[in-house]
Amino acid sequence: MVKICCIGAGYVGGPTMAVIALKCPAIEVAVVDISVSRINAWNSEQLPIYEPGLDDIVKQCRGKNLFFSTDVEKHVAEADIVFVSVNTPTKTQGLGAGKAADLTYWESAARMIADVSKSDKIVVEKSTVPVKTAEAIEKILTHNSKKINFQILSNPEFLAEGTAIQDLFNPDRVLIGGRETPEGAKAIQALKDVYAHWVPVERIICTNLWSAELSKLAANAFLAQRISSVNAMSALCEATGADVTQVSHAVGKDSRIGPKFLNASVGFGGSCFQKDILNLVYICECNGLPEVANYWKQVIKVNDYQKTRFVNRVVSSMFNTVSGKKIAILGFAFKKDTGDTRETPAIDVCKGLLGDKARLSIYDPQVSEDQIQRDLSMKKFDWDHPVHLQPASPMSITQVSVVWDAYEATKDAHGICILTEWDEFKNLDYQRIYNNMQKPAFVFDGRNIADVEKLREIGFIVYSIGKPLDSWLKDLPAVA
Ligand code: NAI
């Protein structure tokens, strides 16, 4: 029986290993983590992350061929294949601070693997890492082990939160990079055999190590770049009377461009896009390619611009002040169908409104009050470090209340900001909401999910990103 161990029971390690266990009943899979609370949650009824379909799979496999444990060393020692799926946040201090990936967690995992291994192992980079990380890891492993053979593979994960299970069941591709040696080829084949249990072989791409490492950074940079491109267009649409939805539809019909990932919004978020682009920028700079670095940096700048533009629009629409006004925030997660708030645009938007002294009433179906308060009191970059390893912030922001119902959040509010595209926000009783709000009542739709015409008929003043402005907003000075 092949034994797999995955170090890191997070958003990637947990779902990925659960699917491997489900699809490969003859493989024993152990997911290990240094966080006791996270492992306890994986072993409980309330899993530590929300992901549609995940609960069922974990319940089917847990205790049979899927185990969650804090006994990291034991499971690593016993494994034939060790996946490393620890977090790789942006460095907050020292060389490359604010850009380079912090490989502290990775290095400590590698040293531990070297320490406890007694048999040959395939070590798989699942985390997103800078190009050439495998080389560093290889050195750590070979210099610290006792004549044990380690083969390093890069197998970056392309799942998207919110659709992780679907993505894992039916991936566009699985990418495996390895050394171009007979041992490397053997290791690639061993990992290929695992995925081949359910992924058609033609979708398993094998490359050299550096191509696999760089492909993950490149894929995220391309995805984020599409969002920034359409968001940049949304500003121009508002200025000209074009409708960004119509523009994206027309543009996306070009088969060379394609229709996906062209929705204008308040900005991208999540733990990966910004971190991976910053990392790419740093690698370009280190390789003497400032023009390439600046090109990718612009993707993040446009994302920041979009969030600022949204806040400015809210404040300027409401007579240039939101001081003391209640504003309902619908949605806090960085996208629908996840409870993940890492780098969610909601943090910047809320902080912007709080800076203008608004009172916020926040509702998200999957994010707890504790999480929201913690996010709003964090410094930049704190988000990228494992939250469960930090003590909860003792400071609670008194301007913020978190409620468990959209109707409660909007009661007596002057305005509503829709910041996550949860399906339930499309079907709210907006007439009831309007009746219970202060007038004039505003809706600022940061995800373009609301039926603008219907809301205007009810009496709302509506701003929807990249859509023609209604007369109220048109008469105001332009927003930068
Ligand atoms: P996460 O923060 O949810 O999970 C990482 C886990 O690793 C934490 O539970 C932490 O306690 C554990 N850990 C850290 N050091 C450890 C050690 N030495 N021994 C044992 N456990 C340790 O992170 P997430 O989101 O799962 O991301 C992991 C990697 O996958 C990152 O490099 C990320 O960029 C990449 N990735 C993330 C995606 C996502 O959607 N979240 C998608 C694709 C890749």
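Proline 440 lies in the loop between helix H16 (430–435) and strand S13. The model is a predicted one. In it, a cis peptide bond links lysine 439 to proline 440. The omega angle of this bond is about -5°.

Strand S13 belongs to an open sheet of 6 strands. The order is S11-S10-S9-S12-S13-S14, and the pairing is parallel. Strand S11 (400–402) and strand S14 (461–464) form the edges. Each of these two has a single partner strand, so one side of each lacks a neighbour in the sheet. From one strand to the next, the twist averages 15°. In general, strands of a sheet pair through backbone hydrogen bonds, either parallel or antiparallel.

Strand S9 (residues 326–330) and strand S12 (residues 415–418) run parallel. They are joined by 4 bridges. Alanine 328 stands opposite isoleucine 416 of S12. Helix H12 (residues 290–317) lies across S12, S13 (442–445) and S14. The helix runs at about 170° to S13.

Two loop residues have a positive phi without being glycine. One is phenylalanine 319, with phi near 60°. Phenylalanine 319 sits in the loop between H12 and S9. This residue counts as exposed because it has 11 C-beta neighbours inside 10 Å, and the limit for exposed is 12 or fewer. The other is aspartate 412, with phi of about 65°. Aspartate 412 is in the loop between helix H15 (406–410) and S12. Aspartate 412 is also exposed, with 11 other C-beta atoms within 10 Å.

Cysteine 272 is found in a loop as well, between helix H10 (244–252) and helix H11 (273–286). An unreviewed UniProt entry places the feature "active site" at Cys272. Cysteine 272 has 26 other C-beta atoms within 10 Å. A residue is buried if that count is 20 or more, so cysteine 272 is buried. Leaving aside residues up to four places away in sequence, cysteine 272 touches Thr128 and Asn220.

The ligand is surrounded by 27 residues. The closest are Gly8, Gly10, Tyr11, Val12 and Ser127. Helix H5 (residues 104–116) gives the most to this shell, with 3 residues. By class, the shell holds 12 nonpolar, 11 polar and 4 charged residues.

Methods:
Residues numbered from 1 in each chain as written. Predicted model: local features only at pLDDT ≥ 70, side-chain atom pairs only at ≥ 80, totals over all residues. Pairing = 2+ DSSP bridges. Axes fitted to C-alpha atoms, helices over the stretch in contact; angles between N-to-C directions. Contact = placed C-beta atoms within 7 Å. UniProt positions renumbered as here; feature names shortened; annotations may be inferred. Near = placed C-beta within 6 Å. Nonpolar A, V, L, I, M, F, W, Y, C, P; charged D, E, K, R; others polar.
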